[in-house]
Amino acid sequence: MSYELSHLEALEAESIFIIREVAAELDRPVLLFSGGKDSAVMLHLAVKAFWPAPLPFPLMHVDTGHNFPEVIQYRDERVAELGARLIVASVQEAIDAGKVTEEKGPRASRNRLQTQPLLEAIEKNGFNAVFGGARRDEEKARAKERVYSFRDEFGQWDPKNQRPELWALYNGRHRRGEHLRVFPLSNWTELDIWQYIGRENVALPSIYYTHRREVFRRDGMLMAWSPFMSMMPGETVTTETVRFRTVGDMTCTACVPSTASTVEQVIAEVTASRVTERGASRADDKFSETAMEDRKREGYF
Amino acid sequence: MELLRFATAGSVDDGKSTLIGRLLYDTKSILEDQLAAVERTSHARGDEYVNLALLLDGLKAEREQGITIDVAYRYFSTAKRKFIIADTPGHLQYTRNMVTGASTADLALILVDARKGVLEQTRRHAFIASLLRVPHLVLCVNKMDLVDYDQGVFDRIREEFRQFSMKLDVSDLSFIPISALGGDNVVTRSEKMAWYQGPTLLHHLENVHIASDRDLIHLRFPVQGVIRPASAKKFHDYRAYSGQLLGGVMRPGDEVMVMPSGFTTRIKSLELAGKPLKEAFPPMSVNVSLEEELDISRGDMLCRPGNPPTASQDIDAMVCWLSDSTQLNSGSRLAIKHTTRMARAMVKNLHYRLDVNTLHRDEQSSGLKLNEVGRVTLRTTVPLFFDEYRRNRSTGSFILVDEGTNATVGAGMINGPAVDR
């Protein structure tokens, strides 16, 4: 008998430990569930962490209103299957209430507008721990983030003033009004996520696998055409065989040409890819050198 | 595939960023868009070469100042292993950052500039790695290209460091001559240093034996929580304790003792998410069901009868102070987190402050400031169930939290129960 864990088993054990720690120490956690692959894995781990007891916290989706229908369908199916409680923080409602202003022009995206409804929902529900599926390998600012990321009463992240995080001794203490963002998948990479999806048979929205879609080229990326997009001169819509590496707001999530229809094929594709997933598919990160850091400072996940 | 966590140490000019950049680049872990972004920024800043350090310094303030502010974590893998690098900045708040990075590391990599040899901070980094009981230490003698790949230089540095390290508690020490800039002996073997017969850095990282670093003898299972489905008819009788194994091996049928109550019972079953396990070992997260219904809650610990951890409210420990705004003094009252136990602690005595450069003990010290290390006696409000840190890094470590600001202000390593109570 060998007492060695594979890297996936070690990552799973660590994530489950973190999720259980939060549930034990903080009385009002919530799990952000977008229907994307990372939150799908995080939810799978959370279910494992407490099984056979039901999830001891609700799920929350920050809904931009510009969603891929396949993702919303998947979200609702998962919620129903688990009998979980879903809270929807709506960007559309925030716009309608005049709390945030919709961007204009063909590159307009609601991505940045998610922060306000998220913070408002955290405050309204009194959540003090918010699980997110962010991974440190995704982006250079995220490489600096703690597993327990302290946020002040404005939800702000201060990268210069983070709590040292030693051993597996996480510090969840906070004052009323402050909260923690918790990232149980911090140490996972895109490849780990896909290998785990394969190993555990985690269901995903269909758009993670190959399909035919109306797309157009912008900034070197393949954007999905939708009624939320306005075209710029010279842009034309064609139908191509694609899949998504990440899913987010339709207006800023691009797809990649792909014929991968199984997890094994996706793993082969991810292994061979010479472009990061965010580089391949996120228009919002290209806004500036520090786009992610800027958003995170404001309270984004 | 196994997971290896390592921490890097070295000052800015030792070429740490270049080495990490080189490891990532040569293992094809830097992708085209990341490289393009670094090239773009290097060009915009007027750098003469593509500055791989930009890949590592992800924050705006870091790029502005050209310094690394805080620990960052990097990932790469080869066919043999997956690696997590704790990239700790060398010169700013060094001890605190290195303690943070080293606390979870299987291996510490210390860089030395071949032209400068063993410096005060080389000794400091080595001392911290030994204090934190990082099981494997690698001294990389970098910039060999600038000393004409001279074996004599390497041998002198190796000998000097070996002499110094005899004062420390280092069990596995390796020396590798490299040039991070040229890639010599990092991923590929250098033809310019034919005199060096050892492995390349990557080969060493891929093959260093870490499986036996864990304790498989002394059962340590701190209870994280109780899993008891309230209403599910199907799981009417289900009651299990959740937690992560920090030592030992558990099998159904084994006799276990519960601390603090001292009751003994047997393990009925082990499982995770409905999947039964024949055995569990560190660092697995599992559910444990016991034969008898006992009063067990979070913070309690399962162990084997006859082989318990020490239970005491009086603790002798080394503490590294992490706060820049407060000091640790005799009489300080703090919150303490140890395994899954939260309690309060009072500093009964500060025995000495240890100079991390000279290892001199200052017994007149009145308090510990940021980045200082000292030996203390603590009295806690409830007993903690612990082992010496040298025997188990998980049951021997704790953090101290300021109850006013909630900041994590101290990192502690337990020497044993205090004798001066």
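## Domains and chains

Domain bounds, as used throughout this report, come from an automatic or database domain assignment. On that basis chain B is divided into domain 1 (3-213), domain 2 (221-303) and domain 3 (310-417), and the C-alpha centres of domain 1 of chain B and domain 2 of chain B lie 41 Å apart. Chain A is assigned domain 1 (7-191 + 289-298) and domain 2 (205-286), with 23 Å between the C-alpha centres of domain 1 of chain A and domain 2 of chain A.

This is a predicted model, in which local features need pLDDT of at least 70 and side-chain atom pairs count only at pLDDT 80 or more, while totals for chains, interfaces and linings use all residues. Residues are numbered from 1 along each chain as its sequence is written, chains are lettered from A and ligands numbered from 1 in the order in which they are written, and side-chain values use heavy atoms, with hydrogens and water left out.

## Confidence

The model scores ipTM 0.94 and pTM 0.94. Confidence in each residue is given by the predictor as pLDDT, on a scale from 0 to 100. Chain A has an average pLDDT of 90, with 95% of the residues scoring at least 70, and chain B has a mean pLDDT of 90, with 93% of its residues at 70 or more.

Helices (H or I, at least four residues) and strands (E, at least two) are DSSP runs, numbered from the N terminus. Within chain A, the highest confidence is found in strand β1 (residues 29-32), at 98, and the lowest in α9(A), at a mean of 71. Where pLDDT is low, the predicted coordinates should not be read in detail.

## The interface of chain A and chain B

Contact is taken to mean heavy atoms within 4.5 Å, and under that rule 59 residues of chain A are in contact with 84 residues of chain B. Buried area is the accessible area (1.4 Å probe) that two parts lose on being put together, summed over both; between chain A and chain B it is about 6,100 Å², of which carbon and sulfur atoms give 57%.

A salt bridge is a side-chain nitrogen of Lys or Arg within 4 Å of a carboxyl oxygen of Asp or Glu, and seven salt bridges are counted between chain A and chain B. In one salt bridge the side chains of A:Glu25 and B:Lys337 meet, at 3.3 Å from N to O. A polar contact is a pair of N or O atoms within 3.5 Å, where within protein one must be able to donate a hydrogen and the other to accept it, and residues adjacent in sequence count only if both atoms are side-chain atoms; across the interface of chain A and chain B, 31 residue pairs meet this rule, both residues being at pLDDT 80 or more. On the side of chain A that touches chain B, at least two residues come from each of α1 (7-25), α2 (37-50) and α9 (291-298) of chain A, and α1(A) gives the most, with 12 residues. By class, that side of chain A has 24 nonpolar, 13 polar and 22 charged residues, where Ala, Val, Leu, Ile, Met, Phe, Trp, Tyr, Cys and Pro count as nonpolar, Asp, Glu, Lys and Arg as charged, and the others, Gly among them, as polar.

## Between the two domains of chain A

The area buried between them is about 2,300 Å², of which carbon and sulfur atoms give 54%.

Two salt bridges are counted between these domains of chain A. A:Arg213 forms a salt bridge with A:Glu70, with the closest N and O atoms 3.2 Å apart.

## Local features

Over all chains the structure holds 47 salt bridges. The side chains of A:Arg245 and A:Glu190 meet in a salt bridge of 2.9 Å, N to O, a pair that links distant parts of the chain, 55 residues apart, with A:Arg245 in the loop between β9 (238-243) and β10 (254-257) of chain A and A:Glu190 in helix α6 of chain A.

The peptide bond from A:Trp51 to A:Pro52 is cis, with omega near 5 degrees, and A:Pro52 lies in the loop between α2 and β2 (59-63) of chain A. In chain B, the peptide bond from B:Pro282 to B:Pro283 is cis, with omega near 0 degrees, and B:Pro283 is in the loop between β12 (275-276) and β13 (285-290) of chain B. B:Asn371, although not a glycine, has a positive phi of about 75 degrees, and B:Asn371 is found in the loop between β20 (367-368) and β21 (373-386) of chain B.
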